[in-house]
Structures are given as structure tokens and as C-alpha cells.
Amino acid sequence: MDCSEQREPNEIIITKVTVERFPVDNDGSWWDFDIDDDILADVYFKIFECVDNTCSTTSEFYDSPEYFENAQTLPLVFDYENIVFESYSINRLFYIQLFDFDNLSNDDPMTNPSDGVFNIYTENNSFPETLRIVGSDFIVNMELSYYF
Ligand SMILES: [Ca+2]
Ligand SMILES: [Ca+2]
Ligand SMILES: [Ca+2]
């Protein structure tokens, strides 16, 4: 038996996403206008799938159904549902991006897509339990489960 090659999982599930750091302000401005002390970001995340290797074309893979209103206390823990990567998608490139939810306008992207690029799986990664993404202005941990 050759143990030098990993067996590819059928499914990888992100069971928990923890935001340890996010951009507190928007290049010196607040994320929201000052209505009822609501200037702080209402943080959630999305995961996009890169359709090509450079992520110039992407499709939305996951959109968090909850957000942290006027987030202040870290970490932000998103653990309310599983994010499932089926076998056909585990070798594709993804990125995670933080957003500020807004009621009256489009949500503000808080981080750069290129900062959040990750592989959910590589053939010699020894199945880490946590995937840590360190961007220039944010840190996200994703807890993983593997199914064979
Ligand atoms: Ca905003
Ligand atoms: Ca707010
Ligand atoms: Ca907002």
C-alpha cells in the first residue's frame, strides 16, 4: 500500500468560520453613516468560486445568512450552518470576502478578493483541521471536516 499519496475526500465541510480581525474603518471613513450610532460595520462573509485560475471570472458559492450588527467584539463566530464542498469542486480555487451589510444601499465590500484566495484542498496538505487566511487587513479561520 502506497501511503505517500493522500486519498481525495468526497466532501469537505466548513463547519465554522471565525473572523479574528476585520478592517475597522473604510480608508479613514466609517462603514456606515452616523444614524443611531450605527457607524460600525455589520459584518458577514461570502465565498466565491474562481471560474478560471486567476479569479478574473467568479461565481458566488456561499452567502452568509447572518451578520454581526455593528461588530465590535472579536472574534466573530459564524457556526450556524455547514458549507459543503462536493468532490467536483474541492480542487477549484475560492476566495472569501468580508462585507458590511447595508439596509438602504448595496453592501460594502470590506476586503479585497485577492487577499482571501484559498484552496479548500491540495493533494499533499495532510488534511488540516483549520484553514487560516491572513489578508492585509483581516484574519479568518475556517474549521474543516473531511468525508471519504
Ligand atoms: Ca455601509
Ligand atoms: Ca452599522
Ligand atoms: Ca452597514
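A nonpolar core is a set of buried Ala, Val, Leu, Ile, Met, Phe, Trp, Tyr and Cys residues joined through C-beta atoms within 7 Å. A residue counts as buried if 20 or more other C-beta atoms lie within 10 Å of its own, as exposed if 12 or fewer do, and as partly exposed in between, with C-beta atoms placed from the backbone.

The model is predicted: local features need pLDDT of at least 70, side-chain atom pairs count only at pLDDT 80 or more, and totals for chains, interfaces and linings use all residues. Residues are numbered from 1 along each chain as its sequence is written, while chains are lettered from A and ligands numbered from 1 in the order in which they are written.

The largest nonpolar core has 27 residues, and those with the most contacts inside it are Val17, Val19, Phe22, Val43, Phe45, Leu98 and Val140. Two or more residues of this core come from each of β1 (11–21), β2 (43–50), β4 (76–78), β6 (93–100) and β10 (139–147). Strands are DSSP runs (E, at least two residues), numbered from the N terminus. Leaving aside residues up to four places away in sequence, Phe45 touches Val17, Ser64, Ile96, Gln97, Leu98 and Phe99; contact here requires C-beta atoms, placed from the backbone, within 7 Å.

Most residues other than glycine have a negative phi, and most peptide bonds are trans. The bond from Leu74 to Pro75 is cis, with omega near 0°, and Pro75 is in the loop between β3 (58–63) and β4. Two non-glycine residues with positive phi are tabulated below.

Terms used. Helix = DSSP H or I, 4+ residues; strand = E, 2+ residues; numbered from the N terminus. Contact = placed C-beta atoms within 7 Å.
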